[in-house]
Amino acid sequence: MLCKDIGCAITRIKDLIRQTLWASGAKGVVVGISGGIDSAVAAAIAVKALGPEHVLGVHMPSASSSPLDIADAKDFCDKFGIELLTVPLGDVVSAAFSDPYITDTPILRGNYTSRLRMATLYNIAAARGFLVCGTSNKTEYMIGYSTKWGDAAADIQPLLHLWKKDVYTMADELDIPRSIIEKAPSAGFWEGQSDEDELGFSYQELDAALMSLEDHGFVPQNALEEQVLALVTKSSHKRTSAVSLL
């Protein structure tokens with residue numbers, strides 16, 4: 001978090017959202033509301049910056065989505081006065097993976113679903129004259145825990161400078177519902193999927209390792225940092241434009 005004071009940090013993000021919107025001439029922002037903490041924090045700050053009438057939430061459940069996530073998405077939007085659209089994607093995903101040329105594994109299906117979600121957000125945003133507001137945080141961005149041209153794509157990424165621990169701090173300050181704050185982080189790509197189980201590290205471990213790596217010029221100080229640095233290096237292509245000779 002760039003500001004030591006939480007109020008200052010939120011104000012900086014609000015200013016970023018407002019300035020981006022004014023510069024583009026857009027009427028508002030669309031946020032994919034998953035029922036998780038990152039999308040809730042991004043949407044709540046957007047409401048503070050623009051007013052709820054300029055923020056649109058879109059929940060995009062698939063076959064593996066948890067009923068709890070659907071309920072949390074609705075409760076969150078009701079609390080913050082955000083219009084919520086629900087666009088089920090399960091049938092589209094199933095139809096795509098019925099093709100014999102499309103390889104079906106949990107990871108590949110998850111990546112496909114992530115890109116379909118972003119395509120859906122851009123369609124809705126374009127129709128309304130809105131921008132797509134991303135929900136990625138710095139911890140996941142640094143280790144490549146995102147889908148290229150999926151959740152990593154957006155017109156604005158207001159949380160990209162925040163470690164995961166900072167997102168939780170802001171969630172408390174913004175009075176995000178406790179059911180969202182306390183649930184295990186998950187992209188919901190398959191039943192029972194958990195971010196930390198899939199990564200093999202807790203977010204607390206990742207934050208500590210990444211902050212230490214930054215402080216030491218990305219020279220690892222222990223075995224954990226060596227493992228995390230390997231994730232950072234392997235995913236570097238996700239943080240750059242496409243490789244070209246131009």
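Leaving aside its neighbours within four places in sequence, which residues is Phe76 in contact with? In this predicted model, the residues that Phe76 touches, with those sequence neighbours left out, are Ile33, Ala40, Ala43, Ala44, Ile82, Ile176, Pro177 and Ile180. A second, separate core of 16 residues is also found, and Val30, Val58, Met60 and Ala125 are among its members.

Phe76 itself belongs to the largest nonpolar core, a set of 39 residues in which Val29, Val41, Ile45, Phe76, Met170 and Ile176 have the most contacts. At least two residues of this core are supplied by each of helix H1 (6–24), E1, helix H2 (37–50), helix H3 (67–80), E4, helix H7 (164–173) and helix H8 (178–182), and the largest share, 11 residues, is that of H2. In soluble globular proteins, nonpolar side chains tend to be buried together.

Of its 14 residues, 13 are buried, so H2 is largely enclosed by the rest of the structure. Just after H2 comes Gly51, which takes a positive phi of about 90°.

The strands can be followed next. There are 4 of them in an open sheet, arranged in the order E3-E2-E1-E4 and paired in parallel fashion. Because strand E3 (83–86) and strand E4 (131–133) stand at the edges and have a single partner strand each, one side of each is left without a neighbour in the sheet. Neighbouring strands of this sheet are turned against each other by 30° on average, direction ignored.

Strand E1 (residues 29–32) pairs with E4 in the parallel sense over 3 bridges, and there Val31 has Cys133 of E4 as its bridge partner. E1 is also joined to E2 by 4 bridges, and these two strands run parallel; here Val31 stands opposite Gly57 in E2. Between E1 and E2 the chain crosses through H2, and this β-α-β crossover is right-handed.

Strand E2 (residues 55–59) is mostly covered, with 5 of its 5 residues buried. Which residues of E2 are buried on one side, and which on the other? Val55, Gly57 and His59 lie on one side and Leu56 and Val58 on the other, and both faces of the strand are covered. In a regular strand the side chains alternate between the two faces of the sheet. E2 pairs with E3 in the parallel sense over 4 bridges, with Thr86 in E3 as the bridge partner of His59. Together, E2, H3 and E3 make a right-handed β-α-β unit.

An α-helix has 3.6 residues a turn, so residues three or four places apart point the same way. Gln204, by contrast, is found in H10 but counts as exposed, because its relative accessibility is 68%. Gln204 and Leu131 are 73 residues apart in sequence, and their C-alpha atoms are 32 Å apart in space. After H10 comes Gly217, whose phi is positive, near 65°.

Glu140 lies in helix H6. Is Glu140 buried or exposed? At 9% relative accessibility, Glu140 counts as buried. Leaving aside its neighbours within four places in sequence, Glu140 is in contact with Asp38, Tyr145, Lys164, Asp195 and Tyr203.

Two loop residues remain to be described. Trp149, in the loop between H6 and H7, has a positive phi of about 65° although it is not a glycine, and with a relative accessible area of 64% Trp149 is exposed. Asp175, whose place is in the loop between H7 and H8, is likewise not a glycine and has a positive phi of about 60°, while its relative accessible area of 47% makes Asp175 partly exposed.

Definitions and conventions
Residues numbered from 1 in each chain as written. Predicted model: local features only at pLDDT ≥ 70, side-chain atom pairs only at ≥ 80, totals over all residues. Heavy atoms only, no water. Pairing = 2+ DSSP bridges. Axes fitted to C-alpha atoms, helices over the stretch in contact; angles between N-to-C directions. Core = buried A, V, L, I, M, F, W, Y, C linked by side-chain atoms within 4.5 Å. Buried < 20%, exposed > 50% of the residue type's maximum accessible area, 1.4 Å probe, protein only. Contact = heavy atoms within 4.5 Å. Right-handed = clockwise from strand over helix to strand, strands pointing away.
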